[in-house]
Amino acid sequence: MVKTHLFWFSQDLRLHDNLALHAASNCDQLLLVYCLDPAEFKPNRYGVRGMSQHRFRFLYEGLLDIDQQLQRLGQTLLICMGNPIEVISTLIREHNIKQVFTSDSVGFYERKRWQTLSQRHQEISFTRVNTTRLFESDQLPFSVENLPESFSGFRKRVEDLPINAPCPRITQ
């Protein structure tokens, strides 16, 4: 049986040293997806749009760049427009996905979407991987509740902690 994973690009649009993508690539087939939510273009209750024209242009150029990088590896980035929960759910069904990966996000709405998807598809595995934090909370020499009050205090307590080496470059 073919093991197919889905990697959902979100805010971390890079191939180099992307631990989440590296974890997702341990499969027979990998579907790489970026989902553009139309709700980002509509004003919120304060009249502010999440996606301005300039931000969209920057994002689009980044997506084109990462797609070109992926094509050199024999892969393609699938860019979808729609509600991410519905789009990812459809892809899970259509491609018989066994596991979904993404970079961990601290955003409320991003976590809510992830929770909704994992509850909707309990038959498969969902994995979020830290790609943005230098340390995990369990690596710190103090509890999060006892976080030093200043950056200098924090720096002095963590500057000798080991830092993980970059993950190996993805070659296929």
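The points below describe the predicted model of one protein chain.

1. Basis of the model. Residues are numbered from 1 along each chain as its sequence is written, and side-chain values use heavy atoms, with hydrogens and water left out. As the model is predicted, local features need pLDDT of at least 70 and side-chain atom pairs count only at pLDDT 80 or more, while totals for chains, interfaces and linings use all residues.

2. Secondary structure. The protein chain contains 5 helices and 5 strands, these being DSSP runs (H or I, at least four residues, for helices; E, at least two, for strands). Along the sequence they follow the pattern β-α-β-α-β-α-β-α-β-α.

3. Extent and contacts. Taken along the principal axes, a box of roughly 50 × 45 × 35 Å holds the C-alpha atoms of the protein chain. Of the contacts (heavy atoms within 4.5 Å) between residues at least 6 apart in sequence, 68% join residues at least 24 apart.

4. Burial. Of the 172 residues in the protein chain, 35% are buried, that is, under 20% relative accessible area with a 1.4 Å probe, protein chains only.

5. Aromatic side chains. The structure holds 8 aromatic pairs, in which ring centres of Phe, Tyr or Trp (its six-membered ring) lie within 6.5 Å. Among them, Phe 7 and Phe 9 are edge-to-face (planes over 60 degrees apart), at 4.7 Å centre to centre and 85° between the planes. Both Phe 7 and Phe 9 are buried. Trp 8, Trp 114 and Phe 126 form one aromatic cluster.

Methods:
Buried means under 20% relative accessible area, exposed over 50%, partly exposed in between (1.4 Å probe, protein chains only). Rings of Phe, Tyr and Trp (its six-membered ring) pair if their centres lie within 6.5 Å; planes under 30 degrees apart count as stacked, over 60 as edge-to-face and the rest as tilted.
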